[in-house]
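Let's take a walk through this fold together, starting with a sheet and the helices around it. Have the viewer open and follow along.

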Amino acid sequence: MQYDNGGELLVAHLESLGIDTVFGIVSVHNLPLVEAVDRHLRFVPVRHEATAVNAADGYGRARGSIGCALTSTGTGAGNAAGSLIEALSAGTAVLHVTGQVESQYLGSGRGFIHETKDQLGMLGAVSTYAATVTSARDAGHVLREASAAALATPGGPASVEWPIDLQYAAQEDAGEAVPSGGAPSPHAAELAAAQALLAESRRPLIWAGGGARHARRELAALLEATGAGLLSSNSGRGSVPEDHPLVIGNFATDPAVRALLADADVLVTIGTHFRSNETADYNLKLPGAHIQIDADAAALGRVYPARHALHAEAAAVLPALTGAAVRADADWSARVTAVRDEVRAALHDDIGPQAALCDALAAALPRGAVVARDVTIPSSSWGNRLLPIHDPRANVFPRGGGIGQGLGMGIGAALARPDEPTVVIAGDGGLAVHFGELLTVAQERPRLTLIVFNDGGYGVLRNMQDKYGERRSGVDLFTPDFGPLAAACALPYARIAAPEEAAPVLEAALASDGPTLVEVDLTALGPMKNPFTPPVKIPTA
């Protein structure tokens, strides 16, 4: 195929991936790409390159596919690096296309405008794939190879740097397919032993991680066949809808769930990496009879020993386990459901007046609608655990733990699914990281409700310092008056200052066909019963 320039080639490639919206910032070093995308697709001019990647990430997660971000070279590519780290941590598919200086000056170190030292090395450190377009004949192949790497298992962001002279050049694309790696297959003996172990089990548990989101039907079949309890990491939430009576969810470190783990006679884990914050810094004890399934060979046995390690895609191997499974003891399944109800009721009580917001969101949101959650107390305490998730594509949050990324992810998700409301849960501290994106919301008018929990600073760290230290450092921040701020950005505004205001305010915001900024005044609302502190070790405590 012949293309007038690199932008036309990029558009053809994005259309082949089903991408209709691209996020980025225009520059002298990506102008042909931006102009072509803007002619044929939708280009969303975010205000920071980090947001371009976060929005592309959220777009891909909400669709269960891949998103695309366009940035400039040098500082622009560097600004994107933090958000690429998030996509790498989460294993989410992002095609990041960044500019580069003219090919004749590449690597010369002469200080050409926007040039930086070893940009490809920087991108390689924060991407699952990184490559340079070296000619107008190889650009198509590089784009296809990058996208295939991003979509493969374990996946992640793929970065392509494209010299500006080669963007302007006429492109000739041979269209050759990129070879795909074969699907992993477990050793027959290991699979047979796992089947035998499961057939003997009467007190089974299953733990679903992010890898389970690609095997929803197969996981549901195993759950029904066994009557097991289903735990999840944060990434695995919604793989089975969380209103299922056997879904305990993201409560593995709760004392009642620890007791279940202690009494279980087998644990099947699916595509989870046992992150520190979900295992009490690896102090959580798992059953010795552990069947671990993961498509990433490096993950098998890395954190917890696995009696039977199955290197496979979950969707391929779960039916074999389901076929061998027997039903759990009836009293075990009843205990699972009782524990499920117990941990939810305890957390609902513990968060005090914020329970009204959780309940109002659960009631007003359409089933499966996206809830993008920044790193903030409401997200960490109840948004990541108690607020029900029924579809893994609705479960959008920074899995690497970086603050300030939630709004960008929410913008991407809202534009990926324009016919339903999207919610962003953010704190005032995290939102301030990218206040400029309020202008993106004002310009693009997505159907997005931004809920800002205002406690005047970094509440998580404040609670830690109050609990373990003698003074506060760096946690109390100046916070704007959100009403005038919203008005300055032409955004509708509402305020919640009491539990009884939560339902009517959120119902009205979610019913809107455009954006709304909702401030939750935490001082007026009142405190949780117990201040939330993150599950991290404090050596001096």
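**A walk through the sheets and helices**

Strands here are DSSP runs of E with at least two residues, helices are runs of H or I with at least four residues, and both are numbered from the N terminus. Two strands pair if DSSP finds at least two bridges between them.

Before going further, a word on what you are looking at: this is a predicted model, where local features need pLDDT of at least 70 and side-chain atom pairs count only at pLDDT 80 or more, while totals for chains, interfaces and linings use all residues. Residues are numbered from 1 along each chain as its sequence is written, and side-chain values use heavy atoms, with hydrogens and water left out.

Now zoom in on one pair in that sheet. Strand β9 (residues 204-208) and strand β10 (residues 229-232) run parallel and are joined by 4 bridges. If you pick out Leu205, its bridge partner in β10 is Gly229.

Axes are lines fitted to C-alpha atoms, for helices over the stretch in contact, and angles run from 0 to 180 degrees between N-to-C directions. Contact, here and below, means heavy atoms within 4.5 Å.

Which helices pack against α11? One of them is α9 (residues 216-226), at an angle of about 15° to α11 (residues 314-324) and with the axes 9 Å apart. That makes α9 roughly parallel to α11; angles under 35 degrees count as roughly parallel, over 145 as roughly antiparallel, 65 to 115 as roughly perpendicular and the rest as oblique. The crossing of α9 and α11 is left-handed, meaning that the near helix is turned anticlockwise from the far one by less than a right angle, whereas clockwise would be right-handed. From α9, the contact takes in Glu218, Leu219, Ala221, Leu222 and Ala225, and from α11 it takes in Ala315, Leu318, Pro319, Leu321 and Thr322. Those residues divide into 8 nonpolar, 1 polar and 1 charged.

Is Leu219 buried or exposed? At 0% relative accessibility, Leu219 counts as buried; the cut-offs are under 20% relative accessible area for buried, over 50% for exposed and partly exposed in between (1.4 Å probe, protein chains only). Leaving aside residues up to four places away in sequence, Leu219 touches Ile206, Ala208, Ala212, Leu230, Ser239, Val240, Ile270 and Leu318. Leu219 and Ala314 sit 95 residues apart in sequence, yet 8.3 Å apart in space, C-alpha to C-alpha.

Helix α8 (residues 188-200) packs on α11 too, at an angle of about 40° and with the axes 8 Å apart. That makes α8 oblique to α11, and the crossing of α8 and α11 is right-handed. Here Leu191, Ala194, Gln195, Leu198 and Ala199 in α8 meet Val317, Ala320, Leu321 and Ala324 in α11. This contact divides into 8 nonpolar, 1 polar and no charged residues.

Now for another sheet. Here 6 strands form an open sheet in the order β3-β2-β4-β5-β7-β6, with parallel pairing. β3 (42-45) and β6 (129-132) stand at the edges with a single partner strand each, so one side of each is left without a neighbour in the sheet. The twist averages 20° from one strand to the next. Within it, β2 and β3 pair in the parallel sense over 4 bridges, and Thr21 has Arg42 as its bridge partner in β3. In strand β2 (residues 21-24), Thr21 and Phe23 point one way and Val22 and Gly24 the other way, and all are buried.

Notes: Ala, Val, Leu, Ile, Met, Phe, Trp, Tyr, Cys and Pro count as nonpolar, Asp, Glu, Lys and Arg as charged, and the others, Gly among them, as polar.
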